[in-house]
Amino acid sequence: MTSLKGKIITVVGSGLIGRSWAMVFLSGGYKVKIYDNEPGQASGAITEISRKQIEELQRAKMLRGNLTAAQQLSLLSSHDDLQQALEGAFFVQECVFEDLEAKHSVFHEVENLVTESVILSSSTSCLMPSNVFSRVQNRTRCIISHPVNPPYYVRLVELVPHPETLPAVMDVAYSLMTDVGQAPVRLSKEIDGFALNRVQYAIIAESWRLVQDGVISVKDIDLVMSEGLGMRYAFIGPIETMHLNAPEGMEDYLQRYSEGMKRVLNTFGPVPDFSGEPAARIVKEICELIPAEQEHLTVRRERRDQLLMELAKLKK
């Protein structure tokens, strides 16, 4: 598919995810219009993107794409009027808060202002496409493009179709995400939690159970991931890990370890409540490890983002 560079993308919602998407699309050379229904919010987002993010990234030599900060920012505009923001767009990325009615309202307005060829994409992390787009008349051009926070540094995007989404729409979305340097994956059908959150929740649930049952501390279960599984999973996934962890590959791995896996899996407990005394104990433990004051959390998030960007460079 030919490059779509130079075309217009409208980002609806100027919060954290909206700003991140704008930066990603700008890095690929796309013209980006940011819209927010709160007057002044979209223009404020541009100030945040330009002064506190893109220019700082350029100074740190971590700016994505082949364009300079000034060139990228020249492609960015803010709008308080939705019709003006949608004019000329071929792709609309919705980034409002995670509320079904709010998303219904956005897509109802957007659909009435764009042509049939414009792709409607939602950033939802947990709402099913069949629910998000239930009030859209033409659902063949609807798709979920679920990023991973922070999208500028973690490049995975889950592309999840509505049951009526046309294959060509998936192809355009895949081409766009690849073009801007993301790592898109296609789900062939919708499923609650998509792929990433289902895997993430499985890890969270067993980690929580192990801490809750007194098997291991919060600090040490995090080390199991950061100094163990995470070291591998940053470069190869669980299926490839299985294939590489036996002398003769996957078939050999299954012969060696499948019975042990089934035995251990059968010992897993019920889904945790994430509440009550166990939750209070885990909250206390994590707060003792990581001070809860906002400035400490901000510094740690900034350091996380820097490490993620450096890791992304290593993987290229």
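1. Start with the aromatic rings. This is a predicted model, and a search of the whole structure finds eight aromatic pairs. One of them joins Tyr 152 and Tyr 153.

2. Tyr 152 has another contact to look at. The charged end of Arg 64 sits over the ring of Tyr 152, at 5.2 Å from the ring centre. A second case of a charge over a ring involves Arg 186 and Tyr 174. There the charged end of Arg 186 is 4.3 Å from the centre of the Tyr 174 ring.

3. Ring pairs also build a cluster. Its members are Trp 21, Phe 25, Tyr 30, Phe 90 and Phe 91. Find these five in the viewer and follow the links from ring to ring.

4. Now the cysteines. How many disulfides does a search of the whole structure find? The count is zero. Cys 95 is in no disulfide, and the nearest cysteine sulfur, in Cys 126, is 15 Å away. Cys 95 is buried, at 10% relative accessible area.

5. Eight strands form an open sheet with mixed pairing. Their order across the sheet is S3-S2-S1-S4-S5-S6-S7-S8. Strands S3 (76–79) and S8 (183–186) stand at the edges. Each of these has a single partner strand, so one side of each has no neighbour in the sheet. On average, neighbouring strands of this sheet are turned by 25 degrees against each other, direction ignored.

6. Look at two of the pairings. Strands of a sheet pair through backbone hydrogen bonds, either parallel or antiparallel. Strand S1 (residues 8–12) and strand S2 (residues 31–35) pair in the parallel sense, over five bridges. Val 11 has Ile 34 in S2 as its bridge partner. Strand S4 (residues 89–94) and S5 also run parallel, joined by four bridges. Here Glu 94 has Ser 122 in S5 as its bridge partner.

7. Which residues of S5 lie on each side? Ile 119 and Ser 121 are on one side, with Leu 120 and Ser 122 on the other. All four are buried, and both faces of the strand are covered.

8. Some backbone geometry needs checking. Most residues other than glycine have a negative phi, and most peptide bonds are trans. The peptide bond from Asn 149 to Pro 150 is cis, with omega near 0 degrees. Pro 150 is in the loop between strand S6 (142–147) and strand S7 (156–161).

9. Two residues other than glycine with a positive phi are Lys 61 and Phe 194. Phi is near 60 degrees at Lys 61 and about 55 degrees at Phe 194. Lys 61 lies in the loop between helix H2 (41–59) and helix H3 (69–73). Phe 194 is in the loop between S8 and helix H8 (196–212). Lys 61 is exposed, with a relative accessible area of 70%, whereas Phe 194 is buried at 0% relative accessibility.

10. Last, the record. An unreviewed UniProt entry lists residues 9–190 as "domain: 3-hydroxyacyl-CoA dehydrogenase NAD binding". In the model this span is 38% helix and 21% strand, and its end C-alpha atoms lie 25 Å apart. UniProt also lists residues 193–262 as "domain: 3-hydroxyacyl-CoA dehydrogenase C-terminal", again from an unreviewed entry. That span is 76% helix and 0% strand, with its end C-alpha atoms 24 Å apart.

Conventions: Residues are numbered from 1 along each chain as its sequence is written. This is a predicted model: local features need pLDDT of at least 70, side-chain atom pairs count only at pLDDT 80 or more; totals for chains, interfaces and linings use all residues. Side-chain values use heavy atoms; hydrogens and water are left out. Rings of Phe, Tyr and Trp (its six-membered ring) pair if their centres lie within 6.5 Å; planes under 30 degrees apart count as stacked, over 60 as edge-to-face and the rest as tilted. A charge sits over a ring if NZ of Lys or CZ of Arg is within 6 Å of the ring centre and within 35 degrees of the ring normal. A disulfide is a pair of cysteine sulfur atoms within 2.5 Å. Buried means under 20% relative accessible area, exposed over 50%, partly exposed in between (1.4 Å probe, protein chains only). UniProt positions are given in the numbering used here, feature names are shortened, and annotations may be inferred rather than shown by experiment. Helices (H or I, at least four residues) and strands (E, at least two) are DSSP runs, numbered from the N terminus. Two strands pair if DSSP finds at least two bridges between them. Axes are lines fitted to C-alpha atoms, for helices over the stretch in contact, and angles run from 0 to 180 degrees between N-to-C directions.
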